[in-house]
Amino acid sequence: MNENRKIFRFLKDHTILYLLIKEPAKIVLDFPKMLKVIDSPSYFPEKEWKTRLVRFAENTAWLLKYHEANCFYNLYGLDIKEKADADTYVDYLSFMRSRDRANKTKDCWDNQAVLLRDKHLFYKYMKANGLSVPEVFAVTENGRLFNSEFEEIPIDSLSEQKDYFVKDQKGECGSFVVHVKDFDDFTAKWEQIRQRTCIFQKSIKQSREMDVINSGAINTLRIVTVNKNGKVYVLSAILRVGTQKTGNVDNWAKGGLAVGVRDDGYLKQFGFYKPGYGLKTDVHPDSGVKFSEFKVPQWEEACEAAVRAHRTLHGIGSIGWDIAITDDGPCFIEGNDNWEISLNQGADRGLKKDWLEATGE
């Protein structure tokens, strides 16, 4: 085992040798994924499709060029004849590397990104800058319970707290989120919670206008902002919408819908499911709301708030903000330096040109 590690370290230190072995291996491993994409159903069955041979050729070219299967080929509509070519879309691996360079997050705990990834620090920082965030009233660490000022408190001090969420302090993509109804529910879940470092976050109520599209979950805007040479602006925005199947969350990775937002705040025509969860729809499957007729409330205010928040984090090149709309205004659920571009490219547009201009690469 030690000998294998020495060989691996030697190859990694000698980049050319490392790539000669690693990249062809990645191509071979991703070949079955590519074939699965080709045989997957189209998001646009009403359109004229490219032949299977053409789809095979295009996906093979992508795999050889970027050393990964394009798992979002059908989501981007690249399987139909009238769609723009693949060069308008950023490949996943190149984007992640470019994003991390722009955000200087080789080690996120050594720069401003820690203020986004640590949910308790995020709450403190945003509140100190006058930006709306859900209240954090308690945290756990090493099996002990503290208030938000890190003063240890007894369990029964939460006896009057109801309807809140307990989240992993450094969790991502809803990795650990527990909804607590009341004190009895909390005590029943305490053993599970105390094993993690968590925040206790009061629930918020979205605006009545947002309830119209889906009342079962807080439907959040994902607004991506970039900082280019000191100028902060919105790169792309989509609305994430929950369904009866996703319950009280709107996560795309849990089966929610992603819908693009036009410059005037109206939604685009279709909502898209993540590959493997469904295809597309022009109306919400539960509420029946037609997406293209729905205008996001407080749209301009949400964009302005995202830009303002990013200006306070000038050391980060790009941020994907999750923003809820409440009757009191936009409310920041979280900010992500490690946001994923496929969500926005699928629901909004191909972002390669805009992204390269934003980063100067």
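This is a predicted model: local features need pLDDT of at least 70, side-chain atom pairs count only at pLDDT 80 or more; totals for chains, interfaces and linings use all residues.
The model contains an open sheet of seven strands, in which the order is β10-β9-β8-β7-β6-β11-β12 and the pairing is antiparallel. Strands β10 and β12 (329-336) stand at the edges and have a single partner strand each, so that one side of each is left without a neighbour in the sheet. Further in, strand β8 (residues 257-261) runs antiparallel to strand β9 (residues 267-273), to which four bridges join it; V261 has L267 of β9 as its bridge partner.

Helix α6 (residues 119-128) lies across β11 (318-326) and β12, and runs at about 140° to β12. Helix α11 (residues 352-359), in turn, lies across β6 (221-228), β7 (231-241) and β11, with an angle of about 40° to β6.

Helix α4 (residues 92-103) comprises 12 residues, which at 1.5 Å a residue should span 16 Å, and the separation of its end C-alpha atoms, 16 Å, agrees with that expectation. The buried residues of α4 include L93, F95, S98, R99 and N103. An α-helix has 3.6 residues a turn, so residues three or four places apart point the same way.

When residues up to four places away in sequence are not counted, E68 touches K26, D30, W62, L63, D91, Y92 and L93.

Backbone phi angles deserve a separate note. Most residues other than glycine have a negative phi. Just after α4, however, K104 takes a positive phi of about 55°. D163, which is not a glycine, likewise has a positive phi of about 55°; D163 is placed in the loop between β2 (144-147) and β3 (164-168), and its relative accessibility of 38% makes it partly exposed. For Q298, also not a glycine, the positive phi is about 60°. Q298 is found in the loop between β10 (280-281) and α9 (299-311), and at 22% relative accessibility Q298 counts as partly exposed.

Methods: Residues are numbered from 1 along each chain as its sequence is written. Side-chain values use heavy atoms; hydrogens and water are left out. Helices (H or I, at least four residues) and strands (E, at least two) are DSSP runs, numbered from the N terminus. The expected span of a helix is 1.5 Å times one less than its number of residues. Buried means under 20% relative accessible area, exposed over 50%, partly exposed in between (1.4 Å probe, protein chains only). Two strands pair if DSSP finds at least two bridges between them. Contact means heavy atoms within 4.5 Å. Axes are lines fitted to C-alpha atoms, for helices over the stretch in contact, and angles run from 0 to 180 degrees between N-to-C directions.
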